[in-house]
Amino acid sequence: MNFKKTILCIGAGYVGGPTMAMIAYKCPQYKVTVVDINPERIAQWNSDDLPIYEPDLGEIVKTARGRNLFFNTDIEKGIKESEIIFVSVNTPTKTYGTGAGMAADLQYWEKTARQIRDCADSHKIVVEKSTLPVKTALAMERILTSMNNGIRFDVLSNPEFLAEGTAIKDLEDPGRVLIGSRETPDCLKARDALVEIYANWVPKERIITSNIWSSELSKLVSNAFLAQRISSINSISALCEKTDANIIEVSRAVGMDSRVGNKFLNTSVGFGGSCFKKDILNLVYICRSQGLDEVADYWEGVVKINDYQKERFILNMLSAMFNTLAGKRICLFGFAFKANTGDTRESPAISIAGRLAEEKADLIITDPQALKNAMIALSDVNGEIDYVKDPYDAAAGCDAIAVMTEWDIYAGLDFEKIYKSMTKPAFVFDGRNILDHEKLFEIGFNVYPIGKPALTHF
Ligand code: UDX
Ligand code: UDX
């Protein structure tokens, strides 16, 4: 079959896989190939057991796979055959050398740029999908053109704003698609070509264009702003606990001001996920490198409050349970960094579990989707850890339940039954404020929400 365009994506991860699946699903006239250096991951994309869990992803992949969506490991061939190449390899926080713990590790990204340069034998539009420090496109251009072989590369920035758990919804009906480019005639033409792809299903007014540096920076700033809202409300939750104010009431009152808005004001045990911390630290690092220490300190505060919130949760557990957790059985309800995903990257549950193990508590972990990842995330943690799929079985015989993830199923559980099966006194620490605290208290639990007065029988 003759396709109208050939599109490649390098990196079959959380971003590359679903994004390309959506393009292929919406645009049967384009051939979309996703390549990855990891053959197991590619094999999973070609199987019924996809490497990531996202509602509705399976259906979309099934419809397009083999028709105009292909997964393989032949990166070289993919580069040669494609007109448009998305780069969606991971850009984690650097763990070594200068900028360790802060800057983005660009080694995979740079290796990919060189690979594109070495394999390309015709004009390519190269699209940065990965989140990158502002000005990375300049380095990308320099690498791509360093062979001086007359091949033209137009570099665009097209950051992805999808959130996990709602990836398909976000891709199908995005609030905005951002495409940045340089303002030369060639780059503007390339930008139009990318706009044309999205225009197959996204209303034109939601496809916004900008200069390339604004686009790169907007991704980091979007995530920083979202995380800042959570740290803001979490910081106030600490004050609520000291003053008998109720964070849910405060957040409702504040959020009803339309200038503030009511989204992303749910207090929690802390934010997690692969992006927020990484992107803020990256922003902080860039600000410091530009000599903007005050700006860097401001944004670093968002991460510090997040760490503080997790530590506060542990200290609250410790003091509520008579200052010792040693030998106590504590059941974590949820391990994913948020509901509707099996992803545990940077999940607050990881540090909470680590701290509980340090206190010599025995841990029982339950989660509808994330148990496999939880086991990997805690493989270095010493102590007794059990992984139990059924929440009733998990809670039985425990001293305390700590809610880590806001899975809907937890609010609907039969807590009378759970209470009967637990050691007394029984405690609930609701790290997501999703349970009916008064009802739990009436059943007999000692209840510790976040940012609300505790309900205790002592
Ligand atoms: C994405 C973005 O790329 C990242 O910049 C953003 O901040 C978060 O989302 P994600 O899709 O979540 O990353 O990463 P991951 O799931 O780790 O997938 C990256 C894929 O790239 C992996 O499958 C990895 O095998 C692949 N890869 C990595 C390559 O194919 N080539 C490489 O050289 C390196
Ligand atoms: C985020 C951004 O939302 C998305 O636009 C970007 O592309 C990638 O990073 P994601 O990490 O998938 O997406 O999840 P998100 O829904 O933003 O939640 C991040 C964390 O914040 C989760 O741990 C979540 O539980 C927490 N959160 C969110 C809160 O604690 N309170 C809230 O009110 C909202």
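Analyst: Strands are DSSP runs of E with at least two residues and helices runs of H or I with at least four, both numbered from the N terminus. Strand β2 covers residues 30-35 and contains Lys 31. This is a predicted model, in which local features need pLDDT of at least 70 and side-chain atom pairs pLDDT 80 or more, while totals for chains, interfaces and linings use all residues. Residues are numbered from 1 along each chain as its sequence is written, and chains are lettered from A and ligands numbered from 1 in the order in which they are written.

User: Why does Lys 31 count as buried?

Analyst: Lys 31 has 22 C-beta neighbours inside 10 Å, and a residue is buried at 20 or more (exposed at 12 or fewer, partly exposed in between). Lys 31 therefore counts as buried. Leaving aside residues up to four places away in sequence, Lys 31 touches Phe 3, Thr 6, Ile 7 and Asn 68, a contact being two C-beta atoms, placed from the backbone, within 7 Å.

User: What puts the buried residues of α6 on the same side?

Analyst: The buried residues of α6 (residues 136-144) are Thr 136, Ala 137, Met 140 and Leu 144. They span an arc of only 100° around the axis, and therefore lie on the same side of α6. Among the elements that cover these residues are α5 (107-119), β5 (124-128), β6 (153-157) and α9.

User: Why are α9 and α12 called oblique to each other?

Analyst: The axes of α9 (residues 212-243) and α12 (residues 293-320) cross at roughly 45° and come within 9 Å. Angles under 35 degrees count as roughly parallel, over 145 as roughly antiparallel, 65 to 115 as roughly perpendicular and the rest as oblique. The pair α9 and α12 is therefore oblique. On the α9 side, the contact includes Ala 224, Ala 227 and Gln 228, and on the α12 side Trp 299, Val 302 and Arg 312. The residues of this contact comprise six nonpolar, six polar and one charged.

User: Which residues of α9 and α10 meet?

Analyst: Ile 233, Ile 236, Ser 237 and Cys 240 of α9 meet Ile 247, Val 250 and Ser 251 of α10. The contact holds five nonpolar residues, two polar and no charged ones.

Key:
Axes are lines fitted to C-alpha atoms, for helices over the stretch in contact, and angles run from 0 to 180 degrees between N-to-C directions. Ala, Val, Leu, Ile, Met, Phe, Trp, Tyr, Cys and Pro count as nonpolar, Asp, Glu, Lys and Arg as charged, and the others, Gly among them, as polar. The arc is that of the directions from the helix axis to the C-beta atoms.
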